[in-house]
Structures are given as C-alpha cells and as structure tokens.
Amino acid sequence: MSRIRQPSQTHLFPHRNFTARQLPTQDDEPRSPCASQNDKRKAAVMAERVLVIGSGGREHALAWKLAQSPHVQQVLVAPGNAGTASCGKISNSEVSVSNHSILAQYCKDHNVGLVVVGPEVPLAAGIVDDLVAAGVPCFGPSAKAAQLEASKSFSKSFMDRQGIPTARWSSFTDPQEACRYIKGADFPALVVKASGLAAGKGVIVAQDKEEACRAVEEIMKDKAFGSAGETVVVEELLEGEEVSCLCFTDGTTIAAMPPAQDHKRLLDGDRGPNTGGMGAYCPTPQVSEVTLKQIRETVLQKTVDGMREEGTPYVGVLYAGLMLTPQGPKVLEFNCRFGDPECQVLMPLLKSDLYEVLRDTLQGKLASSSPVWHENVAAVTVVMASPGYPGAYKKGIELTGLSQVQDMGLQVFHAGTALKEGGVVVTSGGRVLTVTAVMPSLDGALHKANQGVASVGFPDAAYRRDIGHRAITYLTRSRGLTYKDSGVDIAAGNRLVDLIKPLAKATTRAGCNAELGGFAGLFDLKAAGFSDPVLVSGTDGVGTKLKIAQACGQHGTLGQDLVAMCVNDVLAQGAEPLFFLDYFSCGQLDVGVASTVIGGIADACKMAGCALLGGETAEMPGMYAKGEYDLAGFCVGAVERSSVLPQLGDISEGDLLIGVASSGVHSNGFSLVRKVLEQSGLQYSSPAPFGKAGETMGTVLLTPTKIYSRLLLPILRSGAVKAYAHITGGGLLENIPRVLPKELAVDLDATRWHIPPVFSWLQDAGGLSEEEMGRTFNLGLGAVLVVARPDAQRVLRQLQAHEQAWIVGSLAHKQPGSEPVVIRNLSASLRAGPEANPDTSALPNGAAHSDHAQRRRTRVGVLISGTGTNLQALMEQAKKPSSAAEIVVVISNRPGVLGLKRASMAGIQTRVVDHKLYGSRSEFDSTIDRVLEEFGVEVVCLAGFMRILTGTFVKKWNGKLLNIHPSLLPSFKGVNAQKQALQAGVRVAGCTVHFVAEEVDAGAIIVQEAVPVLMNDTEDSLSERIREAEHQAFPAALELVAGGAVRLAEDGRIIWNSMMQV
C-alpha cells in the first residue's frame, strides 16, 4: 500500500492545556478495574487525580480505563454507583455536580487535575465553561458546542448550513403546524423528536401519519418529555442500518473510534419499546472501510471544521448516530459525549492510555498522537435492566454472582446499582449493569457475554440474547473469496495510513508541504533555498537488529535507526537530507506495531530535518513468520555543487581526524552480536553486565543510532571539513578509507576517545580479535571528520558544544603494502573499560595548536531582519584565525530572509523569532533573550535588525549590545540618515558602531568610519558607499569588544584597555 504525500494546509487552533507527567504508556490493560497492591504502590508516586462526572455504566467504564493509566493516582466518580464505590484506584465522591462553583473549589481542594464529564446534561449546562474559567481542566465541549445535542433544531440547522447529509426536516413550536407538515410532506415525515435533552428517549418513530400526529400531541401538549418538548423536530423516516461513529477531536483534528452498533429495542429481534440501549457491539464488520472513510470526511471532520468556522470550536468526544441509506450515510443525531452502552465496548478495545488521549485532545496534539485500538478482537456488552423497564420498575433488588462473572474474565460495568450495609449490591435504576466480553470473534464475544449474564443473580431481569445479530448474519452469509481471505487486509492498511497521516504531516519542511495519499511525492528545491544543487540519495535497512526488537516487543526505536542509517550516509556527501521514504513489509499486518515503527520514523525525520514524503506497506502472506517484518529506507538530499564532499584534492598528509561519539553498536554487526549473546548464555531479558544498573541486554542493544544531520550540517557548510565518513557496516577499518585519496593512510589512537562498554563486553565474551572488532563495529565513533590542522580546535569546540567529540588521529603517507588504517592501543583501551579517560594531549606528530587556536573566543549572537550584508562582513571576520569572536547563532525576526541562508551556509546555527506571533514587545524580547542564553552568547550585534528593543532587554545586555548606524553620530539619528545628511548639505557622512542605550542611537561610540559626500551624490549612491564603510567598521568594533580592548563603564563612557592586542 503506497503512502505518498500531497500538498495540504496546516491548521492551528488554541487549546485548553493541563499539566501531566510524562510517563510510559501501558499497552495492555487488566480486565479487572481493581488494581493490585503493586499497582497501588506505583500509583502512590503519581501526581494526577481525575474526577469523572456521572453515575452510569458509561462512567464506570471511563473510570475503569482511566484507573489503568500510570499517570493517574486516583479516580473519583460523582455521584457514581456501587461498582465505583471502592475498587482499587476508583472511589465515589458526594460533591455536588450541579453547583459548578462548589465543584471547582472541591477540585482545587482535592488536587483534581482533570474532570471528565460523562452525561450530556452537565455539558449543556456549561460545566466545562465554568470549570475551565475557574482554572480546572475539564474534558468535554463548551455549552455552545454542546448545542449539537442539546438542541435538535440547532443541530439540524447547522447540518443544513454545512452541507452535512441528514434527513429532511422542520421544527415547530405549534402542534397544529407540525401536524399539517406531517400530513402534507411528500416524504414519510414519521420521526418526531423533542428538540431538547430527554435522556436519549425523546424520539418516537411512527408507523403512519396519524401516529406521528399523536406523537406531536404527546410531546407538546401532554409534556411526555417535559420542557425538552417545547419545540419538536419532525423528520423524514430513513431506511437502512444504524451505526454509531464516535471520535475524539481537539477542535481541528479528529481521531475516529471503531464504529459500534447500539440496540434500542427492549426485546430480541428488535421488538418491543425503545429504551436507552440494551446492548452494543464493536466493531461493525458490515460497515465497509470506504463507508467509514466517507463518514470521517463528510460527517465527523466536516462537523468539527464547521463548528470552528462558526466560532464555536468543538473539543471532546463527538458522537454521530447515522443511518446507512442507499444514498450514503446520513446523520440521525449528534451526541456531545460517549454513548451508553457504546462506551462499554469502546473502552475495552482502546489500546492507548485513555488519560494520555484526553490530555492530547485538550492540548491540541491529536494530529501527532492518534489513539491506537486493539486489532482482530470484538467486544459485546449486554445490558441487564430492571423488570418493567422502560416503564415503572421496582428498586432494591439484590444482585448476586458478580464476582463469579469477573472470574470468568468478563467485565461488569455498573449503572443503576447501589450499596447497602454489609456490601450488598442492589438495583437502583432502570438499566442496572452491563456485562462486557472481548473475544477474537463477534459470535464468541456474544456467547461469552450471555454466559456472564446467566451467572448474575438478578430475578426477572430484562436483557437481550442477540446483541450483534445483524453483524453475525453478515459474517455468516454465503459469499465468494476476498483479498482478505488470502491474508491481505486492505482495511487494516487503510487504518494504518489514517494513523500515520498526521505523523507524516508533522515532518513538513521548506520545499515540501504535503499529505500521504498520492502516487508520488513532490519536492521544490528552489523553495528549500538551493541555487545550484546536486541531488544525493542513499538507501539502507537496520539488519538483524530487527530480530532483537521483535523478540523484545520493542519497536519504537527502529524508526530512528532506519532514518539515521540513510541520513548519515547522505551527509557524507555534504548534503542536507530533504525527504525520506520507508518500506515496511510483513506477513500479516499488525496496525499497532506498524504504526509504532512508522511513528518512530516520522519522529526521526523531524530530528533529521527531512520530510517523511511517503512509503510502502507490503503485506505478503507466507513470506514472513507471524510477528516478523522487514524495513528499508530511502533518503534524498541536496548539496550546492561547490560544497560536495569529500574534497579529495584538498585532503593532505598531516590533516587531523575528529571522531564524533556513537550511542553504541548503532545498526551494524548485529548478526555477530546475536551470536556472541547466544554463546554467552544471556537472554535479551538478562541484566546487562555493563552500562547502567537495571538495564537489560535487549534495552542496551536497542539503543537507537545517532542522527548527525543537525549537528554536522552547519559545520560541513562552514568549509572547514574536507571529508566525513559515516562509520557503518565495515567499521573503522573500511569506512574511513572510502573518503580519502588512495595515497593516504589513517593513524588512529584508541586511547584518544571513549569506547562504550558494550564493545569491551563483545570482545571479551566473543573472543573477538582486534581486526574483527575494527572491521565490524564503530567502537564508539559514529562519524569521523577530516580537517586541516589549523581548523581542528575550532571545529572540535563547535562539536563539543552539543556532542562528545575528540581528535582521534591523523593522516600520513601510505607506504607500499601497508594497511590503510591502523588503530593503535585498541586492545588496551577495550580492556581499560569506561573508567579510562581519553588522552587529550597533543598528537605526537605535531598536532599542537597556535596561540590563536587555543585562545578562548567571545561567543557572539547576531540579530537580523533582512539580507544580512553586515552579517556577512562579521562572519568573514570571525572566520579569521586571529579573530577574538565566534558567531554562535544568528536570529531573525522574519522567516526566510537571505541573511538566514548566509548564516546556515557558513555553518552557523540560526533561529527565527517572528515578532508577528507575539502579543507584546516584552514577550518578543524575552524570547530573543532565552535563545541568546541558550547559546551562551556574550556579545550581541544588531546587523540590520528592524525592531526597537525594550528598556528591560537593553539594560540586561548593557555593554554587550552593539549597533551600527549609517551616520556620524550624534548627527542624523533615527531613520533616513542619508537623506538627512544630503538635506543638511554636509560634506562628510559615514557610519557609527556604538553600544546600545535606551535612547535611540545615543550609546557610547566605539568606531566611526567617514565617507565623503560627493557633489552628484543621490541618496542611493551615498547609501551604497556608507554600506561599504559599515563592512569595515562593524567587524573592527566587534574585535575591539570581543578582544577586551573596549568596554563600557557604569557611567556609560568607553574604557580602553591598551594592554589588549586585537
């Protein structure tokens, strides 16, 4: 299944945020909601307390699922029922949920970090609005958004405005007008609904027009549903099959849940009166993937987009009750919360941590973290109701056998239950409880759930025995072979694509703004900033490291391995990685595993700075054993023609080699690693005999490969690196010679870098020779750079600011018959282990450094807004070996300007702090300040920076902030200085570099450069000559300040240090 990206737009939406601890996710949940004692001890150190509002089976299911999260310390349910009274993390609360002020204070007093609202009435009453306004995070839509359920009239009007398919309809406040409409309509206007909330029971489906008119009278005159029936909606009777499609939405993105089907009628065979729901099952096999896609796009996403466009963003769970008509899906109704009993089948099928899903929804992160659902299983829930329901019924009937049902591996979700003294559970409502079963097949789940129901002691209970009968009939019908029968599940492939679309979209970069779905992907090199590019491609896999990941069930880091292996190869040509394609092949597609792997690929692409443009998912039955899969990756990059590496003509004897640390074995040599492990008798689950305490062999060996692109690209572009070798398959012995002239040899000294302990263990446990180690593994060096001796220390400092790096050797003339690579002291260094400190003394072949190289340079940040011509002059000065300045970051308040490209091409880190995105100057300035602090900046140069800085910022950087002005200050301050000079008739103009003071252009003067005004000068010609002078004055002033020759006294005067050499 091909996955290619196409052009798209990115939508942003501000969301309610709440704090949560970042902890691992639980993949599998226990069947019982009652946590073990070990779970309780773990929970004791967690931070979050969650309050669930409601008392039904839906709320019990939500509390049950939330209690499984390691992020959650306790789940309170208000008012709750007997099932939530006291069970592990779950307990009931008596707090009033109708008085929102009291509820908000309760949440603050009891450190409730999140409120989850179950029923619709509190949502329509504005509980979310009130709690959020009081500073209490609350999951659910606002009162205005909840009108989708609270007002049928609003909902139908909204669907008409947005073009969402629904039945023909009209609303009325006069019963006689409603009856005239029913009798005169040219379609069966037989569905009568109370417009307001009626606990899911305000709908009457009439058999004929007379019955429909009686329903109007019953609702409007007899007040069958109270004030909810003051307005009625009369609808067309639609024919087809009903289905419930729910989704999480953060106001922009939807994350659809598997479709479910409710059973409203009381009796088997869909007979008897309507109820609130007598059972449900999930998923619905009779609903095709094509239909589900249509529902997601034309109903769910369209609704969320429409609500946002109309100024009422919808955040929470959106429930669409649909009829699958011959004309396509049509909306019967919207609900603004989980359905009941749909929730009781959805929660057991949710593989993701529910707390994390709710948090990501509130934080607007669904686009990058879609929920994952259990595959190849079905859930059935059967409702047990009081005798007489939905009419009058008796309360207080004792229930028995509930623990026996739990022992059968089933889940009981309480609804209308209460606790009496002694722990006796009795009935207290119409729908009393549900019994939920999860099994590999739908009929198996129904059989198991019915067994559970039969085990409950509940005299004369009303329940159905045929939940899911439509789906079972569909599954057992006679039909021909399908592609799925051969082992290829197209629907699973489509689900995978839906899961990974937002992950891929998050990797969008300059030159590529796209989505998965087309036949091929496009990349715009011009938009990416290239002028004369050469394309560079690389492809690779991760070898038998896959075997370890599959054995350990840890798939999340393989994506980084795959991207790193390809991207690091492309870097060897000096190229910037632009886009990436992946290939995932398996015998049977496990959507959860595949989405984890590809999610890791997407995350790694963001780390590398390249776009995940597309890929291929191949399901090939019979090619792979169950649980096995293979991976391949393909990366394309680009480099300006003049900067292609290696620069073979420049590499010479005496050049130094700088090694950049690896994270361990990376992704090569794992066949040998697995053989050594087998020979040692250790398992992947065995404690590692090296490394950190508590780590297993599997965890250590799966440490992901380092991606070097963001670290190395600025350095490669600076021109200081002559060659770069990626230490991959073939180890140090075979990879370094690939980037060197044939007449040169490599002299490495293993005492000069840190060798990770995994390599010492591998040599010892496997009895491996020095040559085998050097030819197979990276030995702690993931990359090796070739640099000229005068540039070595500068490059090393740039690397060491972000990563471990060392000067590890040098190049010498290769003698006839000698080895191309010699690693001295390897055995001794492997035996010495991690305690040995690398030797950083001068290399014996004369790699000592000049005074200029050893002198510490002042770290400089430059602020720009445009083309950066003064920046270019500053960079050229800082590149000189004698310079006292090192430009470490360039910051622009405007994206995409030429100055940023100049800096990037010079190997200098860049940042964009767009002033348009900030509400105030102080907020903008504080962000600039944080970036400068991040890079350890000591002196700041304003080089065409077109923003006025706040007094607070200027005071903080007093004596460290330089600006250049195109006049001889104090003359002609402010804008249009050249125009002012011409108008004044002066014969000499020029430029001034000065310290910045709070008053504009008033700081102490460091350097001035005079420019004569010619008789025929225009503003443009004078400006051009002043710019040339600026390119001399600004670098000179920077050297004076960076070298310590000039500093600013407390009284604002210049102090000269005559002892400093500049």
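Strand E22 and strand E25 (residues 431–439) run antiparallel and are joined by 4 bridges. Strands here are DSSP runs of at least two E residues and helices are runs of at least four H or I residues, numbered from the N terminus; two strands pair if DSSP finds at least two bridges between them. Valine 412 stands opposite valine 435 in E25.

This is a predicted model, in which local features need pLDDT of at least 70 and side-chain atom pairs count only at pLDDT 80 or more, while totals for chains, interfaces and linings use all residues. Residues are numbered from 1 along each chain as its sequence is written, and side-chain values use heavy atoms, with hydrogens and water left out.

E22 and E25 belong to an open sheet of 5 strands, ordered E14-E17-E20-E25-E22 with antiparallel pairing. Its edge strands, each pairing on one side only, are listed below.

| Edge strand | Residues |
|---|---|
| E14 | 261–262 |
| E22 | 411–414 |

Helix H14 (residues 442–455) lies across strands E17, E20 and E25, at about 30° to E20. Angles run from 0 to 180 degrees between N-to-C directions, with axes fitted to C-alpha atoms, for helices over the stretch in contact (heavy atoms within 4.5 Å).

The largest nonpolar core has 86 residues. Such a core is a set of buried Ala, Val, Leu, Ile, Met, Phe, Trp, Tyr and Cys residues joined through side-chain atoms within 4.5 Å; buried means under 20% relative accessible area, with a 1.4 Å probe and protein chains only. Phe580 and Phe759 are among the residues with the most contacts inside this core. Helix H19 (residues 591–608) gives the most to it, with 10 residues.

Terms used:
Buried < 20%, exposed > 50% of the residue type's maximum accessible area, 1.4 Å probe, protein only.
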